[in-house]
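Here is a short report for a first look at this structure. It moves from the whole chain to a single residue.

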Amino acid sequence: MQFYLNGYKPGDPTLQDAALPETADVVIIGSGPAGALLAAQLSSFPGIRTRLVERRNGPLELGQADGVACRTVETFQAFGLAEELVREGYWVNETVFWRPSPDDRNKIARTGRVQDVEDGLSEFPHLIVNQARLQQMLLDYMRKSPSRLECDYGLEFDALKVDAEGEYPVEVRLRDVNTGIMKTIRAKYVVGCDGARSKVRESIGAKLHGDFANHAWGVVDMLAVTDFPDIRLKSAIQSADEGNILLIPREGGYMVRLYVDLGEVDPNNRDAIRDITQEQVIATAQRVLHPYTLDVRHVVWFSVYQVGQRVTDRFDDVLPEHAGSRLPRVFIAGDACHTHSAKAGQGMNVSMQDTFNLGWKLISVLEGRARPELLRTYSTERHAIAQGLIDFDREWSKIMASPPKDPAHPERGGVDPAELQAYFVKSGRFTAGMATHYPPATVLTAPDTHQALATGFTIGTRFHSAPVVRLADAKPMQLGHVARADAAWRIYAFADASGTRLRGLMDFLADSSDSPVRRFTPAGADPDSVIDVRAVFQQYHRELKVDELPTMLLPPKGRFGLLDYEKAFAPDPKSGQDIFELRGIDRAQGAIVVVRPDQYVANVLPLDAHDALTAFFAAFLIDRH
């Protein structure tokens, strides 16, 4: 038997390389969280030819990010993966704060304890889950999807070229890392999710702007025996002279991660941090934790890093001077366009929100639902979010790296531990992933003219779920959980007091030639494939009859024309939270709440604003009739 003709490759020698296709609709470079989530979205559409390439020879196994914000868990719910995340993850319920003891500054003492996520912010907790495990969930989702998408490992991005014309205008060159053989694929779109040293970013001439960090941190995932009492609570620890620690308990009940402050780095010798050993980092941690002991039995993963707060000038390949004349073909996401510290737990989370934003837009354009101009909104929306993240992280990192103030020597400066705790509480919405607010800067976010009709669904923020009861089967559930990662828009119609305006809206959507559902849904497609209409009534479910629902709320679907009974909802009396009261819905007038495919509120309108509703969608969707 002969093999290794073109170079040595580890693994089963009888396993032959799959041929790289000549063309693809979307090529994703990098299978980290951003790339994997984008590929998972696209994989549900077998008509979209997607390739996910990764320079590693296999999936990530250890280390890197671990914080999963509440907003990210909400996002995973759209993929049907939230339950798995919540079951496996460590729940960050409370955070404790330690500072030098006032009796002996050589020792630390607990000075504060706060709830990690404010009540009512999300139905999901803040979690700690290994990045490798999270990525594996997305890769498994891909494999089970209609397209049965698999990642192409061992392929490294080399270069790309964008032609002015052609069905597949982007030429991508990839190098087989095991053989060195160059391969070429042509694509309609390319997305670089290839990290802080992104070659895709370099290929489109985008530049990182910001500051390099001059502060080093060691990160250790460990199994240890300790008498530190808060080893299973997230802990911000400030010692008098030995530095600071951010302690993060890990999933599984035993492992813990320590972010250990290693002090300032010589800007003229940044490479010196490569010489720092895990033993040195552990020794520093042991000194910070005094008088408590830390006996490390096994190190699972170790790294030392310094990351500046930097963001690129743009997130696509269109230069500012060409913004009005050229459409984007190449995009970057995640660490490829924004870098920052790991201590606020935002990198992985914001990266996935980048591609959750981009994914449905690519699907909409490639499926012929929306005009290609829609893709311009990605860079506009996400660049502003990244800049906000950088500003937040700069302040948070400064506080975390500062020594505590010494009451006996105030002239030495430092941070009051009470200030650290107060800033943590203040920034809670940001770290939970709930601070994103898209202003009315694009066609996707309407002015707040009718915001008073639904004050709890702020236009530009994520759709805040609430408990309801599904009418047909009396199932108590979260309204937000009806959303899937299917690139469909949602219209949530909240009934008026008499119900006449709601019924008028349903009749318009079902029967009128001006209905956005009829105008923008392809012939032969399910009626909710582009715009999914749901209604929430004011009466309790036992006061309503399924057979008296408008036909719009009982749509026929699929090859047999089966009725979908899951479009109508009522308040949940057992939860003690009436959704109309909880989300500030005007009971007399009711409201239309339009929600984007990435779960952000796009518009709030009166129930009888039929023309305005259609006009909103007509600004970017393609008329199919």
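A contact here means heavy atoms within 4.5 Å. In the protein chain, residues 24 or more positions apart account for 72% of the contacts with a separation of 6 or more. The model is a predicted one.

**The whole chain**

The secondary structure of the protein chain comes to 14 helices and 29 strands. The radius of gyration is 26 Å, close to the 25 Å that the globule rule gives for 625 residues, so the chain is as compact as a globular protein of that length. Some overall values follow.

| Property of the protein chain | Value |
|---|---|
| Span of the C-alpha trace along the principal axes | about 75 × 65 × 50 Å |
| Distance between the mean positions of positive and negative charges | 2 Å |

Buried residues make up 55% of the 625 residues. The charges number 70 positive and 83 negative.

**An annotated region**

UniProt, in an unreviewed entry, places the feature "domain: Phenol hydroxylase-like C-terminal dimerisation" at residues 437–624. Over residues 437–624 the chain is 16% helix and 20% strand. The end C-alpha atoms of this stretch are 31 Å apart.

**One residue**

Gly308 sits in the loop between β17 (294–305) and β18 (309–312). Is Gly308 buried or exposed? Its relative accessibility is 5%, so Gly308 counts as buried, the cut-off being under 20%. His338 is 30 residues apart from Gly308 along the chain, and their C-alpha atoms are separated by 9.5 Å.

Terms used: Residues are numbered from 1 along each chain as its sequence is written. This is a predicted model: local features need pLDDT of at least 70, side-chain atom pairs count only at pLDDT 80 or more; totals for chains, interfaces and linings use all residues. Side-chain values use heavy atoms; hydrogens and water are left out. Helices (H or I, at least four residues) and strands (E, at least two) are DSSP runs, numbered from the N terminus. The radius of gyration is taken over C-alpha atoms; the globule rule is 2.2 Å times the number of residues to the power 0.38. Buried means under 20% relative accessible area, exposed over 50%, partly exposed in between (1.4 Å probe, protein chains only). Lys and Arg count as positive and Asp and Glu as negative; His and the chain ends are not counted. The place of a charge is taken as NZ of Lys, CZ of Arg, CG of Asp or CD of Glu. UniProt positions are given in the numbering used here, feature names are shortened, and annotations may be inferred rather than shown by experiment.
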